[in-house]
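Hello,

Here is the structure I promised you. Please open it first, then read my notes below.

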Amino acid sequence: INPIAGVRPLTEKDIKSEAMQAPLSSLVDMWIMRWSGTWVNESDFQEDDFWRVALIRLMGANKVEKHHLADRIGAVYRIIE
């Protein structure tokens, strides 16, 4: 599996994290509580390991859509409801 561009790939430490242990449905609910249906910049996931791991899991389960914008570096993400 290719890593998500701009987001660090998973490590062994990440496998043991809360974001990997939580049910996907809980991650979806948490995303909605935090960002609702708005687009989230890739930079928001760079330094937050919980949300970086959650994003990778949600992307793998096709729960998040991703788009690259022509006028900026980095992608934007939004939960699929």
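Val 40 stands opposite Tyr 77 in strand 3. Strands here are DSSP runs of E with at least two residues, helices are runs of H or I with at least four, and both are numbered from the N terminus. Strand 1 (residues 40–41) pairs with strand 3 in the antiparallel sense, over two bridges. Two strands count as paired if DSSP finds at least two bridges between them.

This is a predicted model: local features need pLDDT of at least 70, side-chain atom pairs count only at pLDDT 80 or more, and totals for chains, interfaces and linings use all residues. Residues are numbered from 1 along each chain as its sequence is written, and side-chain values use heavy atoms, with hydrogens and water left out.

Back to the strands. Strand 2 (residues 64–68) also runs antiparallel to strand 3, and five bridges join them. One of the pairs is His 67 with Val 76. Strand 3 covers residues 75–79, and four of its five residues are buried. Buried means under 20% relative accessible area, exposed means over 50%, and partly exposed lies in between (1.4 Å probe, protein chains only).

Now helix 4, residues 49–60. Nine of its twelve residues are buried, including Trp 51, Leu 55 and Leu 58. What covers them? Helix 1, helix 2, helix 3, strand 2 and strand 3 are among the elements that do. Asp 48 caps the N-terminal end: a side-chain oxygen lies 3.2 Å from the backbone nitrogen of Phe 50. After the helix comes Asn 62, whose phi is positive, near 55°.

Next, the largest nonpolar core. It has 20 residues. Such a core is a set of buried Ala, Val, Leu, Ile, Met, Phe, Trp, Tyr and Cys residues joined through side-chain atoms within 4.5 Å. Trp 31, Phe 45, Leu 55, Leu 58, Val 64 and Tyr 77 have the most contacts inside it. Helix 4 gives the largest share of this core, seven residues. Val 64 is in contact (heavy atoms within 4.5 Å) with Trp 31, Leu 55, Leu 58 and Tyr 77, among others, leaving aside its neighbours within four places in sequence.

Last, is Glu 12 buried or exposed? Glu 12 sits in helix 1 (residues 12–15). It is exposed, because its relative accessible area is 63%.

Best wishes

Notes:
Expected span 1.5 Å × (residues − 1). Polar contact = N/O pair within 3.5 Å; in protein donor to acceptor, adjacent residues only side chain to side chain.
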